[in-house]
Amino acid sequence: AKKTTGTPFSYSGPMTETSIIGHIAATQKGRILNYDAKLGRFTNSDEANALLKATYRKGWELPA
């Protein structure tokens, strides 16, 4: 029988996206950010978009 998780990606994905957007917004004090959920990016801030990209410490990078 196929089992599902307690929190499927259809719920946890958007929740995680909201958390990340909130964290980025907190770093941009005094600025209004416009986020396009379909594009998955901010439409008015290259600086905020740069924060959407994952960075990894040396030794923890994903394989190319």
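Student: How many salt bridges does a search of the whole structure find?

Tutor: The search finds one salt bridge, meaning a side-chain nitrogen of Lys or Arg within 4 Å of a carboxyl oxygen of Asp or Glu. This is a predicted model, in which local features need pLDDT of at least 70 and side-chain atom pairs count only at pLDDT 80 or more, while totals for chains, interfaces and linings use all residues. Residues are numbered from 1 along each chain as its sequence is written, and side-chain values use heavy atoms, with hydrogens and water left out.

Student: Which residue forms a salt bridge with R31, and where do the two sit?

Tutor: R31 pairs with E47, and their closest N and O atoms are 3.9 Å apart. The pair links distant parts of the chain, with R31 in the loop between helix 1 (9-27) and strand 1 (35-36) and E47 in helix 2 (residues 46-50), 16 residues apart; helices (H or I, at least four residues) and strands (E, at least two) are DSSP runs, numbered from the N terminus.

Student: Is E47 buried or exposed?

Tutor: E47 counts as exposed at 51% relative accessibility, whereas R31, at 41%, counts as partly exposed; buried means under 20% relative accessible area, exposed over 50%, and partly exposed in between (1.4 Å probe, protein chains only).

Student: Changing topic, what does A48 touch?

Tutor: Not counting residues up to four places away in sequence, A48 touches I24, L33 and F42, where contact means heavy atoms within 4.5 Å.

Student: And what order do the elements run in?

Tutor: From the N terminus on, they run α-β-β-α.
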